[in-house]
Amino acid sequence: MADKPPVEVGGTTTDALPAARPKAAGNPVFRMMGFPNFRFKLPSRNWLIFLSITGSFTTAVLYDRYHKKRAQQRWCNLVSHIAQEPLPTTQMPRKITIFLSAPPGDSIRAAREHFHEYVKPVLAAAAMDWDVIEGRREGDVRAGLAEKIRKKRRKDGEKSKANTEGETPEENEDLVQQLRATTGVKDWEGVQGDLVLGRHTWKEYVRGLHEGWLGPLDPPPDTSPTSAHGKEAQSLATEQPPVADDASPSPDPLQTGAASGTTADSGVRPIEAPKPEPQKEEKPKQPVQVPPYVSTSDYPSVPLAPSTPNVLPPTIVLPLPHLLGFLNTPIRIYRFLNRRHLADETGREVAALVLASHIRAWDPRSDSTGSGPSSDNEALLEERRSDNAAIQGRWEPESVLEGEERDWHKVAWKRYQGKPERVWRNSMVIEPRIGERMRRFDLTGDEEDKARQDGGKDPAAKGYWENIKKMVGWEEDKTVKGWEHGSVGEESE
């Protein structure tokens, strides 16, 4: 390799100067600590799109969750004083009845989750007790409420075949009531109340209410064609004579072979006994649903039960928005990001039930024509119009949450053979004798203004820095322990 030519600098000849080293970029402190060279720059176009979309959606979810908690806490603070009220040891607490049913096309889990997320926090803040009537399929809530009313009518002295034959289906309940009477425990003397979740449950509730107070105590004779066919088949099976082959069994081939002089070597194989088939585990069958005791067309002609009270237990109806389908994803996302409004509306209605300060009657005739089912089913719309044409005007309970019917699955609108009555599909029918006895809870203006003025913060919750000080030990705990009561000031005495 040839040497580099000398360079003449200031009249003297020297060798070639070494190449200058490139200046190191970045902070020298970070470089000495071993950190890589950070170069701050704007992300690329694709990263900006991704971060903006994910950041916006995350911000919307956190914003909605924050205001949802504040809305629930606002109504919890309004009813929390009820939990601090003393209750005598000889009196049972107030117990409300909750009715929830599986939405059309889904399981009951959806209704349970909605109850635990939106309804239970307010009830727990007021230390309320409740009893639940669930329905896993259409008609279960209707049958459960009607049977509950019929039991109450039997206790009030109305006679039925069950009473005359000596059957006591309510032995356990009567035993509990007798034990409470002997110990001096009394039931709650105030208003109890019912809570209904969803439009489909509300339809079954109204149907069961009419069936319980207008229908008979004993089930009507079963005149369905399927049952008659089953009875005929059973009678034919009992009257059929025995088969002749069973009376004279065929001779055993082994015996015939031995009688004719044949042996096992002649090729005759013994007949093997059939092996018993393994028994399959039978799944438990669903309980048969009790059919209605009275039809809606017979309401005007049947008498009212003698023990019917002048005022029925007041109710409150809560929304249960439940929309299925892939094409409805944009609507479902919008509802997911606006759950704070649903929590505020639900908390207001539950607070009205808990306070029970104002109870009013349902309007006998309401001109509100809420949105009905979708316009796809024109035959159903025409049937609804013909049914409502016979009734001039509508009762207020008929239009409650009527817009939820647009979100129902198509299973709710089908007709099934052998099941003439569909509570969800049929229009609601209210008998004036029952409608004028129905009541509902409502919230007064002063109570609502008091809740709106509340910021929705938990009074027992502390801030971030207060929790840090308490965790480190810098803040002195000024709460008096249970064993320290009465010891303050004893040393100076």
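At roughly what angle do the axes of H2 and H12 cross, and within what distance do they come?

Guide: Happy to! Bear in mind throughout that this is a predicted model. The axes of H2 and H12 cross at roughly 10° and come within 8 Å. An angle under 35 degrees counts as roughly parallel, so H2 is roughly parallel to H12.

Now for the residues that make this contact. On the H2 side they are Tyr-63, Asp-64, His-67, Lys-68, Ala-71, Gln-72, Arg-74, Trp-75, Leu-78 and Val-79. H12 brings Arg-339, Arg-340, Ala-343, Asp-344, Gly-347, Arg-348, Ala-351, Val-354 and Leu-355. Sorted by class, the contact of H2 with H12 has nine nonpolar, seven charged and three polar residues.

Val-354 is among the residues with the most contacts inside the largest nonpolar core, alongside Val-119, Leu-123, Leu-195 and Val-350. That core has 33 residues. Two or more of them come from each of helix H2 (45–79), strand E3 (95–101), helix H3 (109–125), strand E5 (194–197), strand E6 (315–318) and helix H12 (339–355). H12 gives the largest share, eight residues.

Val-119 shows how such elements meet. Setting aside residues up to four places away in sequence, Val-119 touches His-114, Leu-195, Leu-197, Leu-318, Thr-346 and Val-350. There is also a second, separate core, with 25 residues, and Tyr-205, Val-294, Leu-312 and Met-428 are included in it.

Let's follow H12 out of the helix. Ala-356 lies in the loop between H12 and strand E7 (358–361). Ala-356 has a positive phi of about 50°, although it is not a glycine. Most residues other than glycine have a negative phi. With 24% relative accessibility, Ala-356 counts as partly exposed. The loop between H3 and strand E4 (129–135) holds another residue of this kind, Ala-127. The phi of Ala-127 is positive at about 55°, and Ala-127 is not a glycine either. Ala-127, however, counts as exposed, because its relative accessibility is 52%.

Thr-315 lies in E6 and counts as buried, because its relative accessibility is 2%. Leaving aside neighbours within four places in sequence, Thr-315 is in contact with Asp-194, Trp-202, Tyr-205, Trp-362, Arg-439, Arg-440 and Phe-441. Thr-315 and Ile-359 are 44 residues apart in sequence, yet 9.3 Å apart in space, C-alpha to C-alpha.

Helix H4 (residues 140–155) and helix H7 (residues 199–214) pack with their axes 7 Å apart, at an angle of about 30°. That makes H4 roughly parallel to H7, and H4 passes H7 in a right-handed crossing. Among the H4 residues in this contact are Leu-145, Ala-146 and Ile-149, while those of H7 include Tyr-205, Leu-209 and Trp-213. The residues of the contact of H4 with H7 divide into eight charged, seven nonpolar and three polar.

Stepping back, the protein's secondary structure comes to 16 helices and eight strands. Buried residues make up 30% of its 493 residues. Among contacts between residues at least 6 apart in sequence, 85% join residues at least 24 apart.

Methods
Residues are numbered from 1 along each chain as its sequence is written. This is a predicted model: local features need pLDDT of at least 70, side-chain atom pairs count only at pLDDT 80 or more; totals for chains, interfaces and linings use all residues. Side-chain values use heavy atoms; hydrogens and water are left out. Axes are lines fitted to C-alpha atoms, for helices over the stretch in contact, and angles run from 0 to 180 degrees between N-to-C directions. Helices (H or I, at least four residues) and strands (E, at least two) are DSSP runs, numbered from the N terminus. Angles under 35 degrees count as roughly parallel, over 145 as roughly antiparallel, 65 to 115 as roughly perpendicular and the rest as oblique. A crossing is left-handed if the near helix is turned anticlockwise from the far one by less than a right angle, and right-handed if clockwise. Contact means heavy atoms within 4.5 Å. Ala, Val, Leu, Ile, Met, Phe, Trp, Tyr, Cys and Pro count as nonpolar, Asp, Glu, Lys and Arg as charged, and the others, Gly among them, as polar. A nonpolar core is a set of buried Ala, Val, Leu, Ile, Met, Phe, Trp, Tyr and Cys residues joined through side-chain atoms within 4.5 Å. Buried means under 20% relative accessible area, exposed over 50%, partly exposed in between (1.4 Å probe, protein chains only).
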